[in-house]
Amino acid sequence: METWQGKHFSITDPKGVNTVIYQINETEKQFLKDSPKYTVDRLDFTEEIRGEMTRKTFYLNNPSVDEDQLIILSFGQEKVVVNMALLKDDKITMSKKPIPLKLNNIYSEQAQEIKEVRYTPNLKRPICIIDPETTEEVKPVLYFDEETNEIRGKCKLKPYKSYFAFEIKDKEDEGGIRNE
């Protein structure tokens with residue numbers, strides 16, 4: 001018999017909204033010198049259609065002992081709403097003010113490669129690139145950079161298409177979604 005360890009919770013998306021959730025992980029101290037401070041893991045989920053709404057149950061497979069930080073991305077038409085949450089014990093506390101972001105198109109007639117995505121020794125990465133239409137991640141192609149002795153990834157981006165990218169950084173760092 002299989003045993004399941006972890007936590008789960010549910011949210012309901014209205015019609016035209018597609019929510020995905022990521023767990024924010026702080027890199028272990030022994031790996032910090034050569035790794036990004038934070039990495040993200042997308043939570044698995046199941047869906048249940050309820051009229052015009054979709055109920056999603058998200059599964060946190062490796063919860064921490066103390067608390068888990070989550071980033072909630074709700075994709076709608078031409079925008080994404082970003083929210084932060086803490087999962088402690090069996091209770092979720094959401095931030096009071098979500099951050100609505102309008103998606104801006106970067107027009108390109110050529111396919112592009114985004115390079116220099118560094119990975120931790122356990123193959124976790126600090127940045128995610130998402131197709132806002134499908135909310136699927138753009139999967140990087142991994143390679144070993146002999147010059148820096150690191151595992152890196154390249155993402156191929158299609159021309160005439162929008163993408164949403166985010167990276168978790170400390171408050172004092174510039175850019176990305178801030179971990180506050």
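How much accessible surface does the protein chain have, and what share of it belongs to carbon and sulfur atoms? It comes to about 12200 Å², and 49% of that belongs to carbon and sulfur atoms (Shrake-Rupley method, 1.4 Å probe; for residues, only the protein chains shown count as cover). Keep in mind that this is a predicted model: local features need pLDDT of at least 70, side-chain atom pairs count only at pLDDT 80 or more, and totals for chains, interfaces and linings use all residues. Residues are numbered from 1 along each chain as its sequence is written, and side-chain values use heavy atoms, with hydrogens and water left out.

**Overall make-up**
- The chain has 0 helices and 15 strands (DSSP runs numbered from the N terminus: helices are H or I, at least four residues; strands are E, at least two).
- Of its 180 residues, 36% are buried (under 20% relative accessible area; exposed is over 50%, partly exposed in between, with a 1.4 Å probe and protein chains only).
- Take the contacts with a separation of 6 or more: 55% of them come from residues 24 or more positions apart (contact means heavy atoms within 4.5 Å).

**Strands and sheets**
- β1 and β5 (residues 53-60) are joined by 7 bridges, and Ile-11 has Lys-56 as its bridge partner in β5.
- Elsewhere, β7 (79-88) and β8 (91-94) run antiparallel with 4 bridges; Leu-86 partners with Thr-93 in β8.

**Salt bridges**
- There are 4 salt bridges in the structure (a side-chain nitrogen of Lys or Arg within 4 Å of a carboxyl oxygen of Asp or Glu).
- Lys-56 pairs with Asp-13, closest N and O atoms 3.4 Å apart; the two sit in β5 and β1, 43 residues apart, and both are buried.
- Arg-50 and Glu-48 meet at 3.1 Å, N to O; Arg-50 is partly exposed at 44%, as is Glu-48 at 37%.
- Lys-161 and Glu-133 meet at 3.6 Å, N to O; Lys-161 is in the β13-β14 loop and Glu-133 in the β11-β12 loop, so the pair ties together parts 28 residues apart in sequence.
- Lys-161 is buried at 18% relative accessibility, whereas Glu-133 is exposed at 68%.
- Shared partners join Asp-131, Glu-133 and Lys-161 into one salt-bridge network.

Methods: Two strands pair if DSSP finds at least two bridges between them.
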